[in-house]
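Please look over the structure shown below before reading the report that follows.

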Amino acid sequence: MSIVQNKKAFHDYFIEEKYESGVVFEGWEVKAIRAGRIQLKEAYVNIRNGELYLIGCHISPLSTASTHINPDPARTRKLLLHSGEIKRLIGKVERAGYTLVPLNMHYKGGRIKLEIGLAKGKKQHDKRESEKQKEWTRDKQRLMRAK
């Protein structure tokens with residue numbers, strides 16, 4: 001079951017591979033995510049010291065959050081992957097000019113998982129071409145319904 005999707009990532013990048021990772025959250029963040037107060041639009045994945053981190057993901061704290069903590073909505077969150085997957089991703093990002101983009105946050109077995117994509121940036125003409133393709137498929141659907 002999907003919580004939030006990053007539609008902008010599919011517009012700006014060619015997604016070549018997808019990986020599912022866990023995320024280190026604090027208690028108030030999980031409650032806010034379950035309430036749907038999360039935004040992935042400007043988020044990206046960064047590599048530091050052989051580990052992956054989610055940066056720019058905004059989680060708005062609930063008004064019922066505890067008073068003894070200071071919630072930071074845009075804090076850096078660590079991603080949890082197997083070490084072999086991390087090494088493979090680091091190699092592709094450093095050598096081949098790929099980037100890591102968060103695509104989707106969803107529930108799996110009662111836990112919150114993040115789907116990240118190994119992506120290559122689109123040029124402006126590629127974005128225009130994909131927009132034309134979307135419009136053409138919409139027009140085809142309309143024509144098929146009209147008959």
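## Basis of the description

Helices (H or I, at least four residues) and strands (E, at least two) are DSSP runs, numbered from the N terminus. The model is a predicted one, in which local features need pLDDT of at least 70 and side-chain atom pairs count only at pLDDT 80 or more, while totals for chains, interfaces and linings use all residues. Residues are numbered from 1 along each chain as its sequence is written, and side-chain values use heavy atoms, with hydrogens and water left out.

## The nonpolar core

In soluble globular proteins, nonpolar side chains tend to be buried together. Here a nonpolar core means a set of buried Ala, Val, Leu, Ile, Met, Phe, Trp, Tyr and Cys residues joined through side-chain atoms within 4.5 Å, where buried stands for under 20% relative accessible area, exposed for over 50%, and partly exposed for what lies in between (1.4 Å probe, protein chains only).

The largest such core holds 27 residues, and those with the most contacts inside it are Leu52, Ile59, Leu79, Leu89, Met105, Leu114 and Ile116. At least two residues of this core come from each of strand 2 (13–23), helix 2 (27–34), strand 5 (51–55), helix 3 (83–96), strand 8 (99–108) and strand 9 (111–121). Strand 9 supplies the largest share, four residues. Isoleucine 59, leaving aside neighbours within four places in sequence, is in contact (heavy atoms within 4.5 Å) with Phe25, Trp28, Glu29, Ala32, Ile33, Arg37, Ile38, Pro73 and Arg77.

Asparagine 6 is found in the loop between strand 1 (2–5) and helix 1 (7–12), and its relative accessibility of 3% is why it counts as buried. Not counting residues up to four places away in sequence, asparagine 6 touches Leu40, Lys41, Val101, Pro102 and Leu103. Serine 21, which has its place in strand 2, is also buried, because its relative accessible area is 1%. With residues up to four places away in sequence again left out, serine 21 touches Leu79, Leu80, Leu81, Lys113 and Leu114.

Is asparagine 49 buried or exposed? At 80% relative accessibility, asparagine 49 counts as exposed, and its place is in the loop between strand 4 (44–48) and strand 5. Most residues other than glycine have a negative phi, and most peptide bonds are trans. Phi of asparagine 49, however, is near 55°, a positive value in a residue other than glycine.

## Salt bridges

A salt bridge is taken as a side-chain nitrogen of Lys or Arg within 4 Å of a carboxyl oxygen of Asp or Glu, and a search of the whole structure finds eight of them. In one of these, the side chains of lysine 108 and glutamate 20 meet at 3.0 Å, N to O. Lysine 108 lies in strand 8 and glutamate 20 in strand 2, so this pair ties together parts that are 88 residues apart in sequence. Lysine 108 is partly exposed, with a relative accessible area of 46%, and glutamate 20 is likewise partly exposed, with 35%.

Glu26, Glu29, Arg75 and Arg77 are linked in a network of salt bridges. Glutamate 26 is partly exposed at 37% relative accessible area, whereas arginine 75 counts as buried at 19%.

Glutamate 29 forms a salt bridge with arginine 77, and here the closest N and O atoms are 2.9 Å apart. Glutamate 29 lies in helix 2 and arginine 77 in strand 7, so the pair ties together parts that are 48 residues apart in sequence. Glutamate 29 is buried, with a relative accessible area of 0%, and arginine 77 is buried as well, with a value of 0%.

## The largest pocket is lined by Gly22, Val23, Phe25, Val30, Arg34, Leu80, Gly110, Arg111, Ile112 and Lys113. Strand 9 gives the most to this lining, with three residues.

Definitions and conventions: On a 1 Å grid over the protein atoms alone, a cavity is a set of points where a 1.4 Å probe fits but cannot get out, and a pocket is an open set with protein on both sides within 12 Å along at least five of seven lines; lining residues have an atom within 4 Å of a point.
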